[in-house]
Amino acid sequence: MQKDVFTLEGRSVTLYRHEDPRILFLQPVDEHDEGLLDRQLALMERSPLPFALAAFSIRDWNKELSPWEAPPVFGKQPFGGGAGETLAFLTQHLLPELRGRCALGKEAALCLGGYSLAGLFALWAGTQTALFTGLAAASPSVWFPGWLDYVKADPIRAPYVYLSLGDREERAKNAVMASVGSCIREQYALMQKDHRAALEWNPGNHFQETEVRTAKAFLWLARQIDAEREKPCPGLDFIHEMEL
């Protein structure tokens, strides 16, 4: 697999790619995530389809991935509502660049995903455009103020949606963040009618094995997309138990 690092519109992009990729995975990352990408990529090599993974840097996590402004939930930094600009970078600059670099065919599936607030960004982006085949939301910040009301009114348009959470995350001392368990159950329930969705519970809190959880999320999408080529879609409540 080839690895390239380049700068686009002031953002660092790390691109891993097979020859003739059938899936392009897109992932917003911070410095911590960037340090784990090689480990994540090694786990993703179990994909049944050749793929490319493009991880693009986020400079201000709370601003650039938030769908709208919100007061601080932990610490003193508010949420800045810059997700629209990040999505515009992705669609107007990053995707055209990657189509050339990866020689993507029209049949290639586009999947967006990430961890924590990047997972929420993926879900939100899926309400804004039908561009994505799949969304991978690993431990997403579905506790975000106003999120559930919003997604009920503006449904996610991607056909495949993967959700996960650590089984200790809803035990957080912060009351807003502790609501994540009930929020993700409600988010998953919303997916049952019109999507093929999965909700997987991982052992541990929010900060454990983030690269493993993200790899599992992307692999689930790859396996669903691969299966769709060969056989009819199973029931919409289908949940795939993934082993790593």
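This is a predicted model: local features need pLDDT of at least 70, side-chain atom pairs count only at pLDDT 80 or more; totals for chains, interfaces and linings use all residues.
In what follows, Ala, Val, Leu, Ile, Met, Phe, Trp, Tyr, Cys and Pro count as nonpolar, Asp, Glu, Lys and Arg as charged, and the others, Gly among them, as polar.

Confidence comes before the details. The average pLDDT of the chain is 92, and 94% of the residues score at least 70. Residues 231-244 have a pLDDT below 50, and in the model this stretch has 31 contacts beyond near neighbours in sequence.

The largest nonpolar core holds 57 residues, and the members that touch the most others are Leu24, Leu26, Leu112, Leu123, Phe132 and Trp147. Trp147 can be taken as a place to look: leaving aside residues up to four places away in sequence, Trp147 touches Trp68, Leu120, Leu123, Trp124, Thr127, Val142 and Gln187. Another core, of 26 residues, lies apart from the largest one and includes Phe51, Cys111, Val212 and Ala217.

Searching the whole structure gives 1 cavity of 30 Å³ or more. The largest cavity contains about 50 Å³ of space. Its lining consists of Gln27, Asp33, Leu36, Leu37, Gln40, Tyr115, Thr210, Glu211 and Thr214. Two elements, helix H2 (37-44) and helix H9 (210-230), each give two or more residues to this lining. H9 supplies the largest share, 3 residues. By class, the lining of the largest cavity has 3 nonpolar, 4 polar and 2 charged residues. Asp33 and Glu211 are in the lining and belong to the charged class.

Conventions
Residues are numbered from 1 along each chain as its sequence is written. Side-chain values use heavy atoms; hydrogens and water are left out. pLDDT is the predictor's confidence in each residue, from 0 to 100. Contact means heavy atoms within 4.5 Å. A nonpolar core is a set of buried Ala, Val, Leu, Ile, Met, Phe, Trp, Tyr and Cys residues joined through side-chain atoms within 4.5 Å. Buried means under 20% relative accessible area, exposed over 50%, partly exposed in between (1.4 Å probe, protein chains only). On a 1 Å grid over the protein atoms alone, a cavity is a set of points where a 1.4 Å probe fits but cannot get out, and a pocket is an open set with protein on both sides within 12 Å along at least five of seven lines; lining residues have an atom within 4 Å of a point. Grid points are joined across faces, edges and corners, and a volume is the space filled by probe spheres set on the points. Helices (H or I, at least four residues) and strands (E, at least two) are DSSP runs, numbered from the N terminus.
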